[in-house]
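Here's a quick briefing to read with the model open next to you.

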Amino acid sequence: MEADVKQKAEILVQALPYIHQYNGKILVIKYGGNAMINETLKKAVMSDLVLLYKTGVKIVLVHGGGPEINEALKKMGIETKFVGGLRQTDRATVEVVQMVLAGKVNKDLVNLIENEGGKAMGLSGIDGHMLECRPVSAELGYVGAIERVDVEPVLSVLEAGYIPVISTVGCDKEGNVYNINADTVAAAIAGSLKAEALISMTDIRGILRDKNDENSLIPVVQVSEAPQLIREGIISGGMIPKIECSVEAIRRGVSKVFIIDGRMPHAILIEILSDQGIGTMFC
């Protein structure tokens, strides 16, 4: 019993300087992967966010919702097609995307945060034309590339004492709605806010020197090292766009980017408030 109490005390003491470091600073969380599907993990993430919020960290949560979109499209009999890993999005599909992301998924997350004792407010990239887009390509349809970011709605919600929960749909000047990659949105918003850190939740430990060996984690990567890691194949496939977004966030003024394993309960707290980070940090 005494050893257990001592261990808990040591954890709290270790966390204290990090609480001071992040107090009053903006932390952007890109929420996705298994942590968004598994109910136990989802609850752990929300409790982590509320704890950080109550210690004075300004939390901004950016989310996608691919599985929920797939399920809704299937129920409506709309076929899902992917081109280069991106969802081919016609007008019927983007209407479902908007309904699911800006509606059900967004409000469910707001509700979860409130139930954990936090205060949250749902936003989308359409609100205040926060995310203005153009089409990525004619082939992909209503898939957006971000042309302009206006974070005034986010700052207003933070100033009012709420956690902004942002769904990844945007619009163009004509009012057309676009589906946008969540990593891209998180990096763009974090950069525009000059956030202290961006945390990207994934389903892997981080950047592995050997993808078949989870003990080969690379704990720290300098932005200048990323191109070489891609050339060597250490960063490959679906991780390349995530890393490109991380590099872009750093170049836009984010102090550091963490890629962490969202399958681990309380991964955010372990990464942010302890000496032994569990993922890969870009700086």
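The largest cavity has a volume of about 40 Å³. A cavity here is a set of points on a 1 Å grid over the protein atoms alone where a 1.4 Å probe fits but cannot get out, and lining residues have an atom within 4 Å of a point. Grid points are joined across faces, edges and corners, and a volume is the space filled by probe spheres set on the points. Keep in mind that this is a predicted model, where local features need pLDDT of at least 70 and side-chain atom pairs count only at pLDDT 80 or more, while totals for chains, interfaces and linings use all residues. Residues are numbered from 1 along each chain as its sequence is written, and side-chain values use heavy atoms, with hydrogens and water left out.

**Cavities**

- The structure holds 2 cavities of 30 Å³ or more.
- Lining the largest cavity are Lys30, Asp183, Ala186, Leu198, Ser200, Lys242, Cys245 and Ser246.
- That lining splits into 3 nonpolar, 2 polar and 3 charged residues, where Ala, Val, Leu, Ile, Met, Phe, Trp, Tyr, Cys and Pro count as nonpolar, Asp, Glu, Lys and Arg as charged, and the others, Gly among them, as polar.
- H6, S11 and H8 each supply at least two residues of the lining of the largest cavity, and H8 has the largest share with 3 residues. Helices (H or I, at least four residues) and strands (E, at least two) are DSSP runs, numbered from the N terminus.
- The second largest cavity comes in at about 30 Å³, and its lining includes Ala35, Leu41, Asp48, Met201 and His266.
- Helix H2 (residues 39-54) gives the most to the lining of the second largest cavity, with 4 residues; the lining as a whole divides into 8 nonpolar, 2 polar and 1 charged.

**The largest pocket**

- The largest pocket has a volume of about 830 Å³. A pocket is an open set of grid points with protein on both sides within 12 Å along at least five of seven lines.
- It has 33 lining residues, and the closest to its centre are Lys30, Gly66, Asn181, Ala182 and Asp183.
- Helix H3 (66-75) is one of the elements that supply at least two lining residues, and H3 gives the most, with 5 residues.
- By type, the pocket lining divides into 15 nonpolar, 12 polar and 6 charged residues.

**Helix H8**

- H8 covers residues 239-251, and its 13 residues reach 18 Å from first C-alpha to last, close to the 18 Å expected at 1.5 Å a residue. The expected span is 1.5 Å times one less than the number of residues.
- Met239, Ile243, Cys245, Ser246, Val247, Ala249 and Ile250 are buried in H8. Buried means under 20% relative accessible area, exposed over 50%, and partly exposed in between (1.4 Å probe, protein chains only).
- Those buried residues pack against several elements, among them helix H6 (182-193), strand S11 (197-202) and strand S13 (256-261). Contact means heavy atoms within 4.5 Å.
- After H8 comes Gly253, with a positive phi near 120°.

**The nonpolar core**

- Val60 and Ile268 touch the most other members of the largest nonpolar core, which has 87 residues. Helix H4 (residues 91-115) provides the largest share of this core, 9 residues.
- A nonpolar core is a set of buried Ala, Val, Leu, Ile, Met, Phe, Trp, Tyr and Cys residues joined through side-chain atoms within 4.5 Å.
- Not counting residues up to four places away in sequence, Val60 touches residues including Ile26, Val28, Val154, Ile166 and Leu193.

- Is Asn106 buried or exposed? Asn106 sits in helix H4 and is buried, with a relative accessible area of 0%.
- Cys283 lies in the segment after S14 and counts as partly exposed because its relative accessibility is 28%.
- Cys283 and Val257 are 26 residues apart in sequence and 6.6 Å apart in space, C-alpha to C-alpha.
- Most residues other than glycine have a negative phi. His129, though, has a positive phi near 50°, and His266 has a positive phi near 60°.
- His129 is in the loop between strand S5 (120-124) and strand S6 (131-135), while His266 is in the loop between S13 and helix H9 (267-273).
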